[in-house]
Amino acid sequence: MKNVLITGASRGIGAECARLFAEKGYNVLINYNRSEEAAEGLCRELTDRGLSAVCIKADVSDPAQVRDMFARINEHCPGIDILINNAGIAQTKLFTDITDQDWDRMIAVNLSSVFYCCREALRHMINAKWGRIINISSMWGQVGGSCEVHYSAAKAGIIGLTKALAMEEGLSGITVNCIAPGVIKTDMLSCYSEDDLNALREETPVGKLGTPEDIAKAALFFADEGASFITGQVIGVNGGFVV
């Protein structure tokens, strides 16, 4: 049974990844930071169905907590085979209103966390000569989003990290790929009015918003042995919003 660690897995895309991977027979480690109740509830949901899931708390923007998380994981399993870097935050602000604190927090949570988790996960993957790293970026990391400069910059950084790391780790049997979601129905859309959401639907060529399951299915594809010849790629799961 392969072990998959999903960061920011208490809800939204991360939670749907946890459900799908658990259903497919993976041992799922559900990382969370503040949403303990939601994470524990998801874990119970899965284990009550006879699936394999464990919760693990850590702020993945803190390298010390990431090191400690992997040490705790290694006490119970040989290492992480599949890493899904999903943890992230969003914020809408004019560029001139973004504070130093806003910038630092955005980069720490959305980009530095990917670096920290990849660094720890690779210790096992390189020795095992097998691994899958799947990073969750955003279509705004590909094209840039107005009033989301710091978010777009962090998500673009994930794409650059993905491509570079894929080049470096290919000979170790490790693939590194990236998913760039479009407009997905998660809590991050809670600040949008129904009129705004309808406008986004109209801008999406397929005429609907995406779901967390759409992203989870793409992650499952990248994790599969059948995707062993695919690395350094960015797949846009966005309904044609960005082409």
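Q: How many bridges join strand 6 (residues 174-181) to strand 7, and what makes the two strands a pair?
A: In this predicted model, four bridges join strand 6 to strand 7. A pair needs at least two bridges, so strands 6 and 7 count as paired. They run parallel.

Q: What makes strand 3 (53-57) and strand 7 (234-237) edge strands?
A: The open sheet has seven strands in the order 3-2-1-4-5-6-7, with parallel pairing. Strands 3 and 7 each have a single partner strand, so one side of each lacks a neighbour in the sheet. On average, neighbouring strands are turned by 20 degrees against each other, direction ignored.

Q: How do you know that strand 2 (residues 27-32) and strand 3 pair?
A: Five bridges link strands 2 and 3. The cut-off is at least two, so they pair. Their sense is parallel. Tyr32 stands opposite Lys57 in strand 3. Between the two strands the chain passes through helix 2 (residues 36-48), and this β-α-β crossover is right-handed.

Q: How do you know that the span of helix 6 (residues 149-169) agrees with its 21 residues?
A: At 1.5 Å a residue, helix 6 should span 30 Å. Its end C-alpha atoms are 30 Å apart, so the two values agree.

Q: Why are residues of helix 6 such as His150 and Leu165 called buried?
A: Buried means under 20% relative accessible area, so that is where His150 and Leu165 fall. Others on the buried list include Tyr151, Ile158 and Glu169.

Q: What covers the buried residues of helix 6?
A: The cover includes helix 4, strand 5, helix 5 (139-143), strand 6 and strand 7.

Conventions: Residues are numbered from 1 along each chain as its sequence is written. This is a predicted model: local features need pLDDT of at least 70, side-chain atom pairs count only at pLDDT 80 or more; totals for chains, interfaces and linings use all residues. Side-chain values use heavy atoms; hydrogens and water are left out. Axes are lines fitted to C-alpha atoms, for helices over the stretch in contact, and angles run from 0 to 180 degrees between N-to-C directions. The expected span of a helix is 1.5 Å times one less than its number of residues. Buried means under 20% relative accessible area, exposed over 50%, partly exposed in between (1.4 Å probe, protein chains only). Contact means heavy atoms within 4.5 Å. A crossover is right-handed if, with the strands pointing away from the viewer, the path from the first strand over the helix to the second runs clockwise.
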